[in-house]
Amino acid sequence: MPTTIWTWNVNGIRAAYAKGLGAVFSQKNTPDILCLQEVKATFAQYPKPLTELAELKGHQILHADSKNKGQSGVAMLYSSELALSWHHLGMGIDKFDEEGRIIIAGFEKFILINTYVPNGRRDHSRVDFKLEFSRALLKKAMDLKQEYKLPVIICGDINTAHHPIDLKNPTANKNTTGFLPHERKFLDEMEKAGFIDLFRYQHPTLADAYTWWTFRGNCRERNIGWRIDYFWVTNDLLDLTPKCIQLPKIMGSDHCPVELKLPS
C-alpha cells in the first residue's frame, strides 16, 4: 500500500489542534504516519477530539514526554494497517531522553526516527548540547541500520539550515544559532555517513522553500523563513521511489509540514 509520512513541528499540540491540526486529521486522506515535534503537553493533555479521531481512524499514538512541563515532547500517530514491529521512546541516553526528543519505530520496510533536535539558543548556550545530541542520534541511526538492514528515515525539526539557499537572509544570520558553521558541519557529517536530505536531493536548486517563519513581522506572508524541518534518509530508501514535498499552505503552527510519500 502507498504510505504517506508527515513531519510537523506543531509548537504546542493543543493550540495547533484548534488552528489547523484538527482539520488535517479530520480530512479523508490523513497521513498514514504523522510525526509531531514540540507538542508541549503530556499525553493526558492532548485534545480529546484528536485522540478520539485517531481511534476512529484506526491510528495508534506513541508519545515521548519531557520532564520539563510545556517544553519539547514528540509524538507519532500511525495507521494500524502498518505493521509496527517495535518502538523505543528515546535512544537510551537519560540526559537526552528526559527532554522527550526521540521516538524510534520499526516498520516492515523502514525504520523511522522522529526527532526534535535542541535549539542552540540565542546566546549559543545549548549549541554544544545540541551537537552532542545530534551526533548521538546519528550514531543510533547507524547502529539501527547495521542491526536491521533496513532503510532508515530521520525526520523532524533539525533546527539547522544547511546551506545559504535554506534561509532567506544567510549573511545576516551567519552568527545565529541554526546557521553557525559548526552546526552546518554536522549536516555535512550526516551526508558523509550516507544520509540524504531528501527534499534538497529532489529539489536541488529550489529557492524560497522554507518550513519555519517567525511570528514577528508577517514573515510567513512575506516568506522570510528557514528550512529546518527535514527527511534525512539512507540511500537504499531511494529504491522505494520516495517523493518529498513541503506543505506551506497547511496552517496551525509557525512551521509547515513536510511530506514523504512512498508508492505501493
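**Figure 1. Burial and overall dimensions of the protein chain.** In this predicted model, 54% of the 264 residues of the protein chain count as buried. The secondary structure comes to 7 helices and 12 strands. Along the principal axes, the C-alpha atoms fill a box of roughly 50 × 40 × 35 Å. Among contacts with a separation of 6 or more, 71% join residues 24 or more positions apart.

**Figure 2. Packing of helix α4 with helix α5.** Helix α4 covers residues 127-148 and helix α5 residues 181-192. Their axes are 11 Å apart and meet at an angle of about 5°. Because angles under 35 degrees count as roughly parallel, α4 is described as roughly parallel to α5. On the α4 side, the contact is made by Val127, Lys130, Leu131, Ser134, Arg135 and Leu138. On the α5 side, His182, Glu183, Phe186, Glu189 and Met190 take part. By class, this contact has 5 nonpolar, 2 polar and 4 charged residues.

**Figure 3. Surroundings of Ser253.** Ser253 lies in the loop between β11 (243-246) and β12 (258-262). The relative accessible area of Ser253 is 8%, so Ser253 is buried. The side chain of Ser253 makes a polar contact with the side chain of Asp254, at 3.2 Å. A polar atom of the Ser253 side chain also lies 3.1 Å from the backbone nitrogen of His255. Beyond its neighbours within four places in sequence, Ser253 is in contact with Trp8, Asn9, Val10, Asn11, Phe215 and Arg220.

Conventions. Residues numbered from 1 in each chain as written. Predicted model: local features only at pLDDT ≥ 70, side-chain atom pairs only at ≥ 80, totals over all residues. Heavy atoms only, no water. Axes fitted to C-alpha atoms, helices over the stretch in contact; angles between N-to-C directions. Helix = DSSP H or I, 4+ residues; strand = E, 2+ residues; numbered from the N terminus. Parallel < 35°, antiparallel > 145°, perpendicular 65-115°, else oblique. Contact = heavy atoms within 4.5 Å. Nonpolar A, V, L, I, M, F, W, Y, C, P; charged D, E, K, R; others polar. Buried < 20%, exposed > 50% of the residue type's maximum accessible area, 1.4 Å probe, protein only. Polar contact = N/O pair within 3.5 Å; in protein donor to acceptor, adjacent residues only side chain to side chain.
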